[in-house]
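Thanks, everyone; I would like to walk you through one model this morning, going region by region and giving the cut-offs as I go.

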Amino acid sequence: MSARLDEMDRKILAELQEDAEQSLDEIARKVGSSKTPVWNRIRRMKEAGVILRQTALLDPEALGLEACFFVLIRTSEHEADWQRKFLQTLRERPEVLEAHRLAGDIDYILKVRVKNARAYDTFYQALISQVKIHNVTALLSMEEIKSVTALPL
């Protein structure tokens, strides 16, 4: 269910997505409002679940995590117990930045960030030791062309 947002809400969200460290005064000035109404709107959008949390974006390469792999997983297992164990395993692995269940020939795709190919192999060996997987294909990203966290408003 979509939240009801007006143009002012969208402007505030755009500012928060650009830089959530801005002061309320800065945001209010940029969106053409005053501090208290902006604060009330932000509080309301937090309560409604539109704003989930505020966090810091880190540079993976600055942290030595230079390899990004997209991991395509096919499984012959579709039972609830297998799925529960698989999802729990993914949640416990800090290397897994994203995981999606797909329609089509591939069952799951993971975005995995690691130091290098050897670190990916360590991740892979741990994954297959914990859950039965029919087929795994790992694709190394040679260059990140676009990566944004801001949602289109």
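When I call a residue buried I mean under 20% relative accessible area, exposed means over 50%, and partly exposed is in between, with a 1.4 Å probe and protein chains only. By that scale leucine 58, with a relative accessible area of 62%, is exposed, and it is found in the loop between α3 (35-47) and β1 (67-74), where helices (H or I, at least four residues) and strands (E, at least two) are DSSP runs, numbered from the N terminus.

Please keep in mind that this is a predicted model, in which local features need pLDDT of at least 70, side-chain atom pairs count only at pLDDT 80 or more, and totals for chains, interfaces and linings use all residues. Residues are numbered from 1 along each chain as its sequence is written, and side-chain values use heavy atoms, leaving out hydrogens and water.

Now to the helices: the axes of α2 (residues 24-31) and α3 come within 9 Å and cross at roughly 100°, the axes being lines fitted to C-alpha atoms over the stretch in contact, with angles from 0 to 180 degrees between N-to-C directions. That makes α2 roughly perpendicular to α3, a label that covers 65 to 115 degrees.

Finally, alanine 138 lies in strand β4 (residues 135-140) and, at 34% relative accessibility, counts as partly exposed. Setting aside neighbours within four places in sequence, alanine 138 is in contact (heavy atoms within 4.5 Å) with Phe69, Phe70, Val71 and Tyr120.

How values were computed:
Parallel < 35°, antiparallel > 145°, perpendicular 65-115°, else oblique.
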